[in-house]
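Student: Can we go through this one by asking what each label rests on? I'd like the cut-offs spelled out.

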Amino acid sequence: MNNLAKMVPVPSRAIIPERDLGSTPILEVSHLGISFGGLNAVEDFNIIVGRTEIAGLIGPNGAGKTTVFNLLTKVYQPTRGAILLDGKDTAGMSTMQINQAGIARTFQNIRLFQALSVEDNVKIGLHNQFKYSTLNAILRLPRFWDAERKAHDQALELLSIFNMEHMANDTAGSLPYGAQRRLEIVRALATRPSLLLLDEPAAGMNPSETEALMANIIKIRDMFQIAIMLIEHDMRLVMGICEGIAVLNYGKIIAKGTPEEIQANPAVIEAYLGQKKEA
Amino acid sequence: MTFLSYLVSGLSLGSIYAIIALGYTMVYGIAKMLNFAHGDVIMIGGYMSFVATAHLGWPPLASVLLAMLVCTVLGVVIEQLAYKPLRAAPSLAVLITAIGVSYFLQNAALLIWSSNPKSFTSVVRLPSLKLFDGQLTISSVALVTILACVAIIIGLTFIISKTKIGKAMRAVSEDKAAAQLMGINVNQTISVTFAIGSALAAIAGVLLCSAYPILMPTTGAMPGIKAFTAAVFGGIGSIPGAFWGGLLLGLIEIFGKAYISTQLSDAIVFSILILVLLVRPTGLMGRKISEKV
Amino acid sequence: MKLTKTGQKRLVSNSITYGMVVLAFILVQIVDSTGHLTSSLRGQLVPICAYIVMAVSLNLTVGVLGELSLGHAGFMSLGAFSGVIVSLGLRDMVGAGPLRLLAALLVGAVIAGLFGFVVGVPALRLRGDYLAIVTLAFGEIIKNVINTIYVGIGPDGLRVSMSDQASLGLGETGTVILRGPMGAVGVDKLASFGAGIILVLITLFIVLNLVHSRSGRAIMAVRDNRIAAESVGISITRYKLTAFIISAALAGAAGALYALNYSTVVARKFDFNTSILVLVFVVLGGIGNIRGSIIAAAVLTVLPEMLRAFNDYRMLAYAIILILVMLTSNNDRLKQLRWRFIARFRRGTPQQEVDHE
């Protein structure tokens, strides 16, 4: 690193929805990067996400999309770059602290608490919403009953977003695939995030399920007034609900823009066609 | 001079631990299980050699071969009867079964040979080596033990890197399903691993009893635990790890006894183990485990 | 408060667990009063209670937190010896036996809990077999260190030495409590079956209430999926330590109860084999199944006594039973048969329930 050089901010050609212009963007990422064994998995990643934006992150398999999510949630600590959440630097935070600061996520390979009930999965998401000490729990003090009742009501209310209340007592691992994906979203929402990261939410869903999911993602944004960033291969979903889209290839952003701009971008078409040729 | 003699006893004890640890680590690497009965196979090896020399009047080398043969068969039989049916079972179930096998071997030995300690005559009947005008005496058992350990590690490295069965072992330890798809007989490979590990245990048993000539049904228990510790110390699943882990553990134990405290030697060994694991959570030569998210 | 469906089920299940313990106590009292209790079985009553507490507390680590521990007897040992020291130390000040027992149990729990924290810290960095070996090492260290400690009470209070009895310098008025490898001698037998049952009930109260709470859910979340748990804002550190400390403290109390049932206690009693024995209770009773732990601990403590008829063969039989139980309980074909059998009784579909109790 050269200490003498004067660093200047690089304009990232960011776009955000007009309605979010007046407030601090929920996410500002600059020059984010990570290397694994000398290989740059993600390099110079820049993005700005508006406060109520639905943003898309797309790209061919192995482009580094999930790695970006892992960097944002500090599952991996970035080698380079800065992540500002609601204008505040997140350097040095742990995954747990990131969640408490406002980012919640789902996982590409579903990570539910398989052996526990659906309701308990959501209640675990509510962990930091209705607090009481272990001593309170063991002695079953009034605080316990009060918080547990509130958590129960809140869990059912959240499940009702996807009409899943009747499944509350089922074991999470026994749910059908689509329901497991939806439960993961509910669990993430339970942590009251201001930014929700969805990693391939429509994977394994049939067209009518995907249709319902698209409506639900918009519903969630409107209900909670939060930003949502999603990774998805289903272009109908991405082009249908995302407002800003970033395209990643070989760890680098190759295009950013509105759905229309992305669809017309030659670099994007090549990245996808090139991949088709290999396959 | 005393330092040198401690060094030799440390290396000798460490060699025994290393030979046992190799069995632990090979079985762990391939079958992904902690074979808690391994220490008791050592004890059976000791008794076999004892019976052959003391009762049947066999020459020492023949008794070692008998011990190896019996332990090899025993190891394979245990694997077939107790562990093979549990391939798909949770690892704790396999662990408890291994503990059951350990109890079984100890109590079977108790019935056959009673709890009275047998005094074991060393299989190495050579004079001790005297160096520096007799100032340093190295017992022949210690020397043979160290040499045996070095020979074993060289032989094992050769088998694993050069032979067909060695390649099969590596493949099974990397990915059982993929190995099966490549036409490798997984069950046979696991059996061979148990056979090799148990034959090594027999050698370790004979050497252990030659150096510390008291034989009881529980003789294998503590060295078993120590060798298991050595395997983890070196990084379980790693063959060089088991070798260096064993040697280091033996050295720490002997030097701890000599220079710090005789009574607290076990506490010293285990404290160092904990410290090492805190700095290197997967042992000295263990592979870093990373989870795919 | 209105209970939910799961809440009701849980209440019934917990009541069965507590009821079972109380019923067992009453039954034993009846059998004893009619003179049908053999003296060897009577001698087993307090150890059974101690082992139940050990099994239930280990289940918290192994079943609920999902970490393998091979050194649970180490915590029992700490509780046993600190309990003995406290009970003898208070002999002149507190006359009432039950009060001294209570003090011994509490101190035993606190000391073991502190060490639970000490072991819990490396546990944060390690996983699986590497953590298991650290717990094993811890158990061995405790055994080894206690074997070299001498403790006595002089006129000016407690004296501790690491070399020998003479160096305690107690003079004529003092009493020696702990004699290194000889262990503690002259222990007052303060423990009783009633006290043991109360400790079992308290243990159940603590563990069951913990499991079905915010903290318990967080511990199970860490077990089921560490990364997901972190991603919803759960502190892995905090809940791993919580489970470790509570588990260790309960084992400490069990140790104090156990020790105060005998006049002599040695550190060798709490070795690796004891840790393994308790682990066997937990696995045979069902991992995460608290009621199963109680039954397994009681049955398997009595079983070797029952097998006394076989004399020399009893431990061999025990080993064979252990292996066979593991083989049959993990056999898929037998598992299916069992479910079909249960289904016929329930006249419903074979449904595999996840039972937390």
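Tutor: Here are some labels, each set against its definition. This is a predicted model, where local features need pLDDT of at least 70, side-chain atom pairs count only at pLDDT 80 or more, and totals for chains, interfaces and linings use all residues. Residues are numbered from 1 along each chain as its sequence is written, with chains lettered from A and ligands numbered from 1 in the order in which they are written.

Student: Why is A:Arg192 called partly exposed?

Tutor: Buried takes 20 or more other C-beta atoms within 10 Å of the residue's own, exposed takes 12 or fewer, and partly exposed is in between, with C-beta atoms placed from the backbone. A:Arg192 has 17 C-beta neighbours inside 10 Å, so it counts as partly exposed. You'll find A:Arg192 in the loop between α6 (177-190) and β7 of chain A; helices (H or I, at least four residues) and strands (E, at least two) are DSSP runs, numbered from the N terminus.

Student: What makes β2 (39-49) and β5 (88-89) of chain A stand at the edges?

Tutor: Strands pair if DSSP finds at least two bridges between them. The open sheet has four strands in the order β2-β1-β4-β5 (chain A), with antiparallel pairing. β2(A) and β5(A) each have a single partner strand, so one side of each is left without a neighbour in the sheet.

Student: How do you know that β1 (residues 27-36) of chain A pairs with β2(A)?

Tutor: Seven bridges link β1(A) and β2(A), in the antiparallel sense, and pairing asks for at least two. For instance, A:Glu28 has A:Ile48 in β2(A) as its bridge partner.

Student: Which residues count as being in contact between domain 1 of chain A and domain 2 of chain A?

Tutor: Contact means C-beta atoms, placed from the backbone, within 7 Å. Eleven residues of domain 1 of chain A and ten residues of domain 2 of chain A take part. The bounds, from an automatic or database domain assignment, are 23-102 + 192-279 for domain 1 and 113-190 for domain 2. On the domain 1 side, α7(A) gives the largest share, three residues.

Student: And how many residues of chain B are in contact with chain C?

Tutor: 35 residues of chain B are in contact with 33 residues of chain C. α4(B) gives the most to the chain B side, with twelve residues. That side has 26 nonpolar, seven polar and two charged residues, where Ala, Val, Leu, Ile, Met, Phe, Trp, Tyr, Cys and Pro count as nonpolar, Asp, Glu, Lys and Arg as charged, and the others, Gly among them, as polar.

Methods:
Contact = placed C-beta atoms within 7 Å.
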